[in-house]
Amino acid sequence: PVKVTPFLILLGTSLSSPQTPLLENVDFPGTDLTQLYSPDVNHCQLLCTKHPSCLFFTFVRADWTRDNRHFYCYLKSTPSGQPNSQSPVLGVTSGYSLKPCGPQSNPCLSQVYQNMDFPGADYRSLFTADYEECQRACTNDPFCQFFTFVSGTYTEKPTRYKCYLKFSWTIPVIPNIVARPMVVSGFSHSLNIATNSDRVCQPKFFPNTNIQGNDMEALLAGSAEHCLSLCSAHPRCTYFSYVTSDGSDRFHCYLKNNPDQMMTEAMDDVISGIPARFCQLDNWLKTALEGVDFPGMDIRYVMLDDPETCQTTCSQDPHCQYYTYVSENFQSSMYRRRCYLKRFITMPMPPKVTKVANAVCGFSLRNCQTGLK
């Protein structure tokens with residue numbers, strides 16, 4: 001059956017507010033949802049706020065001494081909305097989600113981190129005079145979400161003054177997709193898909209065609225159009241192949257990278273294509289996917305009469321990015337007419353954070369008012 005995630009109605013509670021202090025050297029043990037990486041406690045709190053069900057968190061600071069878990073951000077939740085316990089622990093800071101404060105806009109992450117690195121997620125590198133120029137390069141590149149700059153005193157001379165531009169997803173990546181009768185899934189029509197052009201895209205698909213090899217990343221997508229949008233959003237994707245056949249490979253979206261050549265072969269139940277750049281690519285948001293379930297990542301569910309109203313409800317909810325609706329003819333009566341509102345973290349999210357002498361890392365300033373001055 002469709003997964004159910006309990007949801008606590010947060011508005012009107014005292015869980016958190018801008019005046020709620022962060023709790024230094026206090027741990028909220030257990031009840032972890034997931035563990036991510038953050039460069040500081042404020043970023044960790046934003047991750048908790050953007051996560052569909054995180055209510056509070058514990059962040060492991062740089063001065064933690066017990067082991068090497070520096071910069072771990074533990075996202076947590078309980079049915080009551082409060083930690084089961086609090087413990088005094090040196091080197092950690094805990095706090096609460098800012099969900100009760102209302103919808104959070106794309107955050108301005110202006111902090112720069114000395115002697116730290118965001119390893120991985122590189123898609124481009126260049127040499128710059130200083131970290132400020134590296135940050136400007138990141139800010140002016142629409143794909144760049146964060147960066148690492150290696151200073152002139154770095155131990156390895158060949159990489160001194162090198163600026164690494166890095167990518168993380170800005171559109172929802174669905175972690176689980178399954179075929180399920182009497183279920184309809186889709187996306188919020190209010191998703192903000194960043195583009196620098198008003199021109200409508202003309203997608204290029206190759207039906208019953210597979211592009212051989214060069215797999216860069218395997219994701220899940222609800223349709224070939226959704227797969228196209230994922231490829232178009234990734235700076236290293238040069239083309240893709242999407243599987244439509246029944247079986248374990250169904251819904252798989254293979255992003256591929258080879259800027260030099262594209263080798264195709266005839267293959268049933270595979271749709272391939274080329275990314276669409278510099279145009280409006282949002283038609284995939286309008287398509288309702290019948291017989292498709294997006295399990296998990298639930299914010300909450302509401303009881304509604306039809307999938308159209310579910311889609312409208314998702315589009316009108318600033319927290320909702322996608323949804324699954326269970327029809328009144330679903331096999332299990334307890335799930336019928338449920339509209340599950342869902343989201344994925346799309347704020348800049350480094351895959352790892354480490355201490356590295358003579359390196360500087362930070363984020364794009366596109367969401368900051370002064371970022372492009």
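Here are some numbered notes on this predicted model, from its cores to its ring pairs and salt bridges.

1. Let me start with the largest nonpolar core. It has 43 residues, and Leu165, Trp169, Phe187, Leu230, Leu255 and Phe294 touch the most other members. At least two residues each come from helix H2 (131-139), strand S8 (146-150), strand S9 (162-166), strand S13 (215-220), helix H3 (224-233), strand S14 (239-243), strand S15 (252-256) and S18. H3 gives the largest share, six residues.

2. Leaving aside residues up to four places away in sequence, its contacts are Trp169, Asn214, Asp215, Met216, Glu217, Leu219, Cys227, Leu230, Cys231, Cys237, Tyr239 and Phe240. Another core lies apart from the largest one; its 29 residues include Val41, Phe71, Tyr72 and Phe363.

3. Helix H1 (residues 41-50) is mostly covered, with nine of its 10 residues buried. Val41, His43 and Cys44 are among the buried ones, as are Leu46 and Leu47. Against what do they pack? The buried residues of H1 meet strand S2 (32-37), strand S3 (56-60), strand S4 (72-76), strand S5 (87-96) and strand S22 (354-363).

4. Do have a look at leucine 281, in the loop between strand S17 (270-274) and strand S18 (289-293). Is leucine 281 buried or exposed? Leucine 281 counts as buried because its relative accessibility is 14%, below the 20% cut-off. Beyond residues up to four places away in sequence, leucine 281 touches Ile193, Cys201, Pro203, Leu228, Ser229, Ser232 and Ala276.

5. The whole structure contains 19 aromatic pairs. Tyrosine 113 and phenylalanine 363 have ring centres 6.4 Å apart and planes at 85°, so this pair is edge-to-face. Tyrosine 113 sits in strand S6 (residues 113-117) and phenylalanine 363 in strand S22, so the pair ties together parts 250 residues apart in sequence. Both tyrosine 113 and phenylalanine 363 are buried. Ring pairs also join Tyr113, Phe118, Phe146 and Phe363 into a cluster.

6. The pair of tyrosine 301 and tyrosine 340 is tilted, because the ring centres are 5.5 Å apart and the planes stand at 50°. Strand S19 (residues 298-303) holds tyrosine 301 and strand S21 (residues 338-342) holds tyrosine 340, so parts 39 residues apart in sequence are tied together. Tyrosine 301 is partly exposed, at 32% relative accessible area, whereas tyrosine 340 is buried at 0%. Over the face of tyrosine 301 lies arginine 338, at 4.1 Å from the ring centre.

7. Of charged pairs, there are 11 salt bridges in the structure. One of them joins arginine 180 and aspartate 293, whose closest N and O atoms are 2.8 Å apart. Arginine 180 is in strand S10 (residues 178-187) and aspartate 293 in strand S18, so the bridge ties together parts 113 residues apart in sequence. Arginine 180 is buried at 19% relative accessibility, and aspartate 293 is buried at 0%.

8. Two further salt bridges deserve a glance. Aspartate 317 meets arginine 300 at 2.9 Å, N to O; aspartate 317 is buried at 9% relative accessibility, while arginine 300 is partly exposed at 22%. Aspartate 63 meets arginine 61 at 3.0 Å, N to O; here aspartate 63 is partly exposed at 45% and arginine 61 is buried at 16%.

Technical notes. Residues are numbered from 1 along each chain as its sequence is written. This is a predicted model: local features need pLDDT of at least 70, side-chain atom pairs count only at pLDDT 80 or more; totals for chains, interfaces and linings use all residues. Side-chain values use heavy atoms; hydrogens and water are left out. Buried means under 20% relative accessible area, exposed over 50%, partly exposed in between (1.4 Å probe, protein chains only). Helices (H or I, at least four residues) and strands (E, at least two) are DSSP runs, numbered from the N terminus. Contact means heavy atoms within 4.5 Å. A nonpolar core is a set of buried Ala, Val, Leu, Ile, Met, Phe, Trp, Tyr and Cys residues joined through side-chain atoms within 4.5 Å. Rings of Phe, Tyr and Trp (its six-membered ring) pair if their centres lie within 6.5 Å; planes under 30 degrees apart count as stacked, over 60 as edge-to-face and the rest as tilted. A charge sits over a ring if NZ of Lys or CZ of Arg is within 6 Å of the ring centre and within 35 degrees of the ring normal. A salt bridge is a side-chain nitrogen of Lys or Arg within 4 Å of a carboxyl oxygen of Asp or Glu.
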